[in-house]
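Biologist: I have not worked with this structure before, and I would like to learn how to read its features one at a time. Could you take me through them slowly?

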Amino acid sequence: MIGHQHGLLDKVEIIIIPNGCEDGTEKRVRLLALDQPNILVAPSCCHSAMVARSEGILLAKGDFIMFLDGDDYYEKNAIEKMGEAIESTDRSEEHTSEL
């Protein structure tokens, strides 16, 4: 599970937009989402990637968005590394603004 060992799952929101594929993925993610309040599975849609992304943006509550399509993958710890980079940048900007 994403960042489970570092508590990152409590800090991220995962929005899944099913594309109507019939390989059982939607059923599996819906079951996973039952125990994970930070995972939202939107109603099924068979739209283009652009429509699915737009729907995800509308549902998102956070400040940052990352997309992952069915034929993509993130390297191990990618989300943690992005979070660390954002926090590091935020700290640098705070320090700069104090000068």
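Biologist: Which residues make up the largest nonpolar core?

Modeller: The general idea is that, in soluble globular proteins, nonpolar side chains tend to be buried together. In this model, which is predicted, the largest nonpolar core has 5 residues in all, namely Ile-14, Val-29, Ala-33, Ile-39 and Val-41. Two elements give two or more residues to this core, and they are helix 1, covering residues 25-34, and strand 2, covering residues 39-41. If you then follow Val-41 beyond its neighbours up to four places away in sequence, you find that Val-41 touches Ile-16, Pro-18, Val-29, Arg-30 and Ala-33.

Biologist: What does Arg-30 touch, leaving aside residues up to four places away in sequence?

Modeller: Arg-30 touches Pro-18, Val-41, Ala-42, Pro-43 and Ser-44. Distances between C-alpha atoms give another view, for Arg-30 and Leu-40 are 10 residues apart in sequence and 8.4 Å apart in space.

Biologist: How many salt bridges are there, and which residues form them?

Modeller: The idea is to look for a side-chain nitrogen of Lys or Arg within 4 Å of a carboxyl oxygen of Asp or Glu, and by this rule the count comes to 2. In one of them Glu-26 pairs with Arg-30, with the closest N and O atoms 3.0 Å apart. Because Glu-26 and Arg-30 are 4 residues apart in helix 1, about one helical turn separates them. Arg-53 and Asp-69 also meet through their side chains in a salt bridge, at 2.7 Å from N to O. This pair links distant parts of the chain, since Arg-53 is in helix 2 while Asp-69 is in the loop between helix 2 and helix 3, 16 residues apart. Arg-53 is partly exposed, with a relative accessible area of 30%, and Asp-69 counts as partly exposed at 28% relative accessibility.

Biologist: Which residues form a nonpolar patch on the surface?

Modeller: Here one looks for nonpolar side chains that have remained accessible, and in this model Ile-57, Ile-65 and Phe-67 form such a patch, with about 260 Å² of accessible area together. Ile-57 lies in helix 2, residues 49-59, and counts as partly exposed because its relative accessibility is 44%.

Biologist: How many helices and strands does the protein chain have, and how do its elements run?

Modeller: The protein chain has 3 helices and 2 strands, which run β-α-β-α-α from the N terminus on. Buried residues make up 18% of its 99 residues, and the chain exposes about 7,900 Å², of which carbon and sulfur atoms supply 56%. Among contacts between residues at least 6 apart in sequence, 56% join residues at least 24 apart.

Terms used: Residues are numbered from 1 along each chain as its sequence is written. This is a predicted model: local features need pLDDT of at least 70, side-chain atom pairs count only at pLDDT 80 or more; totals for chains, interfaces and linings use all residues. Side-chain values use heavy atoms; hydrogens and water are left out. A nonpolar core is a set of buried Ala, Val, Leu, Ile, Met, Phe, Trp, Tyr and Cys residues joined through side-chain atoms within 4.5 Å. Buried means under 20% relative accessible area, exposed over 50%, partly exposed in between (1.4 Å probe, protein chains only). Contact means heavy atoms within 4.5 Å. Patches are made of residues with over 30% relative accessible area and no salt bridge: like charges are joined within 9 Å, nonpolar side chains (Val, Leu, Ile, Met, Phe, Trp, Tyr) within 5 Å. Accessible areas come from the Shrake-Rupley method with a 1.4 Å probe; for residues, only the protein chains shown count as cover.
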